[in-house]
Every structure is written in C-alpha cells, then in structure tokens.
Amino acid sequence: MSHSQSIADRVIQGDRLALARLITHIENHIEDTRQVLDMLYPRSGEAHIIGVTGPSGTGKSTLVNVLTIELLKSKSSEDSRIGIIAVDPTSPFTGGALLGDRVRMQRHSQDSRVFIRSMASRGAAGGIARAAHDVVIAMDAAGYNPIIIETVGAGQSEVAIASLAHTTMVIEAPGLGDDVQAAKAGLLEIADILVVNKSDKPAAETTTASLRRMLKFTEEIQEQESGVQCKVPLINTSAINHAGVDQLVEAITAHQAYLRSSDMRKKSNLQRLRNQLDTMLRDALFAQWQSGFDQKAYDAIILQVMRREVSPYQAVEMLLRQAH
Amino acid sequence: MSKKLRVLIAKPGLDGHDRGAKVIARALRDAGMEVIYTGLRQTPEMIASAALQEDVDAVGLSILSGAHMTLVPRVIDLLTNNGQENVQVFVGGIIPEDDIKPLKKLGVRAVFGPGTPTHDVVDLLWKTID
C-alpha cells in the first residue's frame, strides 16, 4: 500500500492526528498531498458547510461555540461529528499570525466529536485561507458534518466564503452602522441568514430595525424582478447568554432543507466547483507559462514599462507572445 | 510556500495572569510564526488535545501558580501518548531555580523566567525546530 493511501485510510478511519498532519501538509503545499486529496475526494461531498462571517468583534467565535453546543444536542446519533475551521489574519509584514478563536471554544477542546483547526489566512484576500477548500475536503472525508468555517473579521467585501459555504451566516452587532451601511453592497448581500448578535445591548433594536428594512427592500425588489421571494431570516442572538441559538439552528436546518428540496444545492455546488476550478486553472496556467519563460526577458519588459515606453497592457501582450 | 512554525501558547492551571503569555504570543507572531492562543485555565488534557488538532511544532506553557511540577509532566505524557513526542515544550513564568533541571529532564526544552528578552524565546524556537 502506498504512503498516500495509508494516510488517506487513516483520515477516513477517524485518526485525528493523521487529519491534523494532513491539514498542515495542505497548508504548506507538501508534495504527495495532492494524491491523498485525490483519494479522499470521492469520499467527500456529504457535509453541510456553514460559513460564519461578519465584522471583527461581533462575536463570531462565541457564536460558533454555542452553535456547536446546540448542534451536538440536536444530533441524535452518537457518532455525529462537527468540524470547525477558524481563520484569522496573517500579518502582511511578518507573515506571522495570532490565532485566538479557540479561546472562545475551550469547552469543545476535549470533545472527540469536535475537531477545531485554526488557520491563518496566509495572504488570501477574501477572508478565508486559500487552503480552506482542501481542508474542507479532508474534514468531509473524515466524516465531519456539518463543517463550520469562521472567516477573519470581515469588512465590506470579504465575500469569498459565499463560494465555499452552503449556508452563509453574516453576524452583525449593535451600533455598527445606520441604514446607509445596511444598504451597501457586499457582505450583507451574501447572507443566507442574518444574525444580530449581542442583542442584549441597548442599541440592538435600532440595528435590527435598519437591517430588517434593508431585507424587506431587497425582498420587494426581488419579487418585482423575478416573481420569487427569497426570505433571509433575521435572528437576534446573545451568544454569551446562549439566547436565540435554538432559532439559529432552526434557520440553518430550514435553509439546508430548502437547498435539498429545490435544486439549489446542486446549483450552488456547481457554482462552487466552477469557482474553484477557475482559480486552480488560473494558477496552473500561470505556473505553466512561467516555466517556459525567460526571467531576463520579463525583467527587461518591466523596465520598458517603467520608462513609459510601453503600457502595461502592451507588456502583457508582449509577454504572452514571447512565451509561445 | 515554505513551512510555517506553529506554536501553541497555553496557560494550564488556575492562575489568572496571562500578560506574559500574551507578550510571548505577540513576539512569536512578529517573528513570523503562527501562534495559537487558547486562553486561561486549561487542563493538561485540553492543551494536549488542542496541540493535536492544531498539529503544532511547539507548546509554550505559562505557569505562575507553582503547580508546574504537576502540570508540566502531565502535558508531556499526554503529548507522547498522542504520538506528538516530537513537539518541543518550553515553560515560562515563576519557576524556582531548583525545578529547572528536573523539568528539563522530563523533556522541557527551555525554561524562561521573568525579564527574558523575547528574542531569546524566538531564537530558541528557530534553533530547535526544523
């Protein structure tokens, strides 16, 4: 039996150390990892992937913690297992990262039904690490379902999670903005479920009201345009008090059922795969092009651009021509 | 992409002072490492379990309570039982001189007392892990 096969087997059989090491190898692009992933891929595809995103400090980690408690409670079977991928940002200056999401998830650290992995974003701009796609495949094949992905604290346009998760939850907190913020494009648009956490705070009502107006407006536009109404539930939670979490689980279950009943899950899977393949193809083509190209010629062309002799567009054309 | 050092910084036991642990976490971050910080009041079991899921290269334990001779061996035993005998363990905090040798005998790579320059910790990790 090959080395890759034995790693794949151990991961599938639930060996936690094998899974942990595989994730490290995925992150570090270690050779042979691809073969392991090729073997695991046919065993994946079962897990429901839940994305948790929102500005930093809105309580995403705390919410993931209580959500996990609630999900474990609602699961009947003994061998139900939950995977958590918690992403925090990598420093653009030093390449280091402080991964602190586990602080809020301490109570699960010893639970063999829960596997928590902290990941640094390592330069990816969309709010999740580039390796997260492959880590999901590994956890999925190891039998974790659902898999919860917590993004870095998201600003307005870190929307990559929507192309990875089946159900995307956007977590807001009171006092972060007015109606204009609520109407802006980006983060709020990707929500399948919208959550106002810290709802015990005094400003929660105002925030909830302005988000509700935004949702209503979106629904009206959608109905006018396409005749279909897609209702995004708005849920108030207070994660530290464990309040509203049961409603949140209900909303997730309902969204999962909706995806299953319509052909939405298939559609969203197709879209996910297309995005993923596009990215991989782009990387592969670039690598291929780069391997057949002379670095000196590249440097010479950059200098020409710098001297304003050719425009960057012309430079790209020249580079593409020369590679053939 | 090259290998990144992953280090778990943990506070086992009951003392509630994590200033030192946070300073070290920050220093290692600034040295380009990925630092997983798990917060206060961890049992050795919680620490070993986190170290496994995170597949870390090193575990730093910050202890000010005086319980190091109980907590540290337990963490090392659990790491070994989990197949992580290669993980480097280092200890910081208030550790009496007399305990340093016994701790090192148990497999602790280094003990750092108050006033240690942070780059000493960084250097040790770069040196011992590869």
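This is a predicted model: local features need pLDDT of at least 70, side-chain atom pairs count only at pLDDT 80 or more; totals for chains, interfaces and linings use all residues.
Residues are numbered from 1 along each chain as its sequence is written, and chains are lettered from A and ligands numbered from 1 in the order in which they are written.

**Chain A**

- Chain A holds 11 helices and eight strands; helices (H or I, at least four residues) and strands (E, at least two) are DSSP runs, numbered from the N terminus.
- Its C-alpha trace spans about 60 × 55 × 40 Å along the principal axes.
- Of its 324 residues, 39% are buried. A residue is buried if 20 or more other C-beta atoms lie within 10 Å of its own, exposed if 12 or fewer, and partly exposed in between, with C-beta atoms placed from the backbone.
- Chain A is divided into domain 1 (1-43), domain 2 (44-262) and domain 3 (292-323), with bounds that come from an automatic or database domain assignment.
- The C-alpha centres of domain 2 and domain 3 of chain A are 43 Å apart.

**Chain B**

- Chain B has five helices and five strands, which follow the pattern β-α-β-α-β-α-β-α-β-α along the sequence.
- For 130 residues a compact globule would have a radius of gyration near 14 Å, and chain B agrees with its 13 Å.
- The C-alpha atoms of chain B fill a box of roughly 40 × 35 × 25 Å along the principal axes.
- Buried residues make up 48% of the 130 residues of chain B.

**Where the chains meet**

- Here 26 residues of chain A are in contact with 26 residues of chain B; contact means that the C-beta atoms of two residues, placed from the backbone, lie within 7 Å.
- Helix 2 (16-27), strand 3 (97-99) and strand 4 (114-120) of chain A each give two or more residues to the side that touches chain B.
- Helix 2 of chain A gives the most to that side, with six residues.

**A sheet shared by both chains**

- An open sheet of six strands runs in the order 3(A)-2(B)-1(B)-3(B)-4(B)-5(B), with parallel pairing; two strands pair if DSSP finds at least two bridges between them.
- Strand 3 of chain A and strand 5 (108-112) of chain B stand at the edges, each with a single partner strand, so one side of each has no neighbour in the sheet.
- From one strand to the next, the twist averages 20 degrees. Axes are lines fitted to C-alpha atoms, for helices over the stretch in contact, and angles run from 0 to 180 degrees between N-to-C directions.
- Three bridges join strand 3 of chain A to strand 2 (residues 34-37) of chain B in the parallel sense, and A:L99 stands opposite B:I36 in strand 2 of chain B.
- Within chain B, strand 3 (residues 58-63) and strand 4 (residues 88-93) pair in the parallel sense over six bridges, with B:S62 opposite B:G92 in strand 4 of chain B.
- Helix 5 (residues 118-128) of chain B packs on the sheet, touching strand 1 (6-10), strand 3, strand 4 and strand 5 of chain B. The direction of helix 5 of chain B makes about 170 degrees with that of strand 5 of chain B.

Technical notes. The radius of gyration is taken over C-alpha atoms; the globule rule is 2.2 Å times the number of residues to the power 0.38.
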